[in-house]
Amino acid sequence: MAEEAISNKRVMFKNYVTGFPKESDMELVTSSTKLNIAEGTKDAVLVKNLYLSCDPYMRSRMSKFDTLTITSSFQPGKPVGGFGVVKVLDSTHPNYKKGDLAWGITEWEEYSLIVSPQLLIKIPHTDLPLSYYTGILGMPGITAYAGFHEVCSPKKGEFVYISAASGAVGQLVGQFAKLFGCYVVGSAGSKEKVDLLKNKFGFDEAFNYKEEPDLNAALKRYFPEGIDIYFENVGGKMLDAVLLNMRVRGRIAVCGMISQYNLDKPEGVHNLTSIIYKRVRIEGFLANDFYHLYPKFLEMVIPYIKEGKIVYVEDVAEGLENAPTSLIGLFHGRNVGKQVVAVARE
């Protein structure tokens, strides 16, 4: 007897976006699906989505002409897609069997048929929270690890500044830098987040950029000798101020520029001559460049987590129906820590 169809809630992308995205750019619909793969479908996995990740880069995928990322634009009338944690329900792929847990690219729905399982990575350690694979043990984790250790080429005792420092990546970069023996300052957009940086993540100093009328003066206050490493998550006026405060042969790892994603015309950067005179190296990077280091990264970070040397803060929204609100909240600073949507808990 054929298996009966069951309901499948989905978050659909309605149309391309200009300016700040809105919850109304997405809609929750209910369709139906069967919990088995159609006969003849090769190398596919049917999964139950457990956790979905809200990430700033997703904004670029909401634009029609997506030239900023290596991924394609969301398609109107199709589900929103991104990183998530999944459980395999059925498989015709030799590397996956029923019951396997994995993280990687999926769609914003309760159940997904994934025809590109190469975009998934099996979860080797299930004794840690599965939601961590949307953050510290997933894409943001490898981003922070590679961005700091590989791109920034740190030296013990250097002065490190991180913008958007309480987010999914920034909170980890700061802790990696402290463990490495650096002096670390972060900025965030509320008193709650600043307190988190200093009291939970162990940053040496932190400040609320919204309370600083002169970012250049603020950075001089916290870095009287200048900045060796800047981990860039914001762009715009913040980058402009940082350039004035870089030390000779400083490094800037460009991870993101969230202040620019929703502007029709991105802000210009005016202090570029500082790059010449201070011989500053600026390098953009993507997590995809460093997935080959993932086993090495896990070998380092898992003991730190278990020993309490690294902590991780998540902002978890319950239910797929809250996914649009959670994603939009990223661009208004409403999240505290890594924004996760719990679709179904194991």
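User: What follows H2, and what is its phi?
Analyst: In this predicted model, where local features need pLDDT of at least 70, side-chain atom pairs count only at pLDDT 80 or more, and totals for chains, interfaces and linings use all residues, H2 is followed by glycine 181, whose phi is positive, near 100°. Residues are numbered from 1 along each chain as its sequence is written, and side-chain values use heavy atoms, with hydrogens and water left out. Helices (H or I, at least four residues) and strands (E, at least two) are DSSP runs, numbered from the N terminus.

User: Which residues in H2 are buried?
Analyst: They are Gly170, Gln171, Leu172, Val173, Gly174, Gln175, Phe176 and Ala177.

User: And what covers the buried residues of H2?
Analyst: The cover includes H1, helix H7 (294-306) and several strands, among them S8 (159-162), S9 (183-188), S11 (227-232) and S15 (338-342).

User: What is phenylalanine 176 in contact with?
Analyst: Counting contact as heavy atoms within 4.5 Å, and leaving aside neighbours within four places in sequence, phenylalanine 176 touches Gly141, Ala144, Tyr145, Phe148, His149, Phe297, Met300, Val301 and Ile310.

User: How many residues are in the largest nonpolar core?
Analyst: A nonpolar core is a set of buried Ala, Val, Leu, Ile, Met, Phe, Trp, Tyr and Cys residues joined through side-chain atoms within 4.5 Å. The largest has 59 residues, and those with the most contacts inside it are Ile136, Leu137, Phe148, Phe176 and Val301. Helix H1 (residues 139-151) gives the most to this core, with seven residues. Apart from it lies another core, of 21 residues, including Ala241, Leu243, Met246 and Val280.

User: Changing topic, where is leucine 89 found?
Analyst: Leucine 89 is in strand S4 (residues 81-91). Beyond its neighbours within four places in sequence, leucine 89 is in contact with Leu35, Leu46, Val47, Lys48, Lys98 and Tyr111.

User: Last one: how many helices and strands does the protein chain have?
Analyst: The secondary structure comes to eight helices and 15 strands, and buried residues make up 53% of the 346 residues in the protein chain.

Note on methods: Buried means under 20% relative accessible area, exposed over 50%, partly exposed in between (1.4 Å probe, protein chains only).
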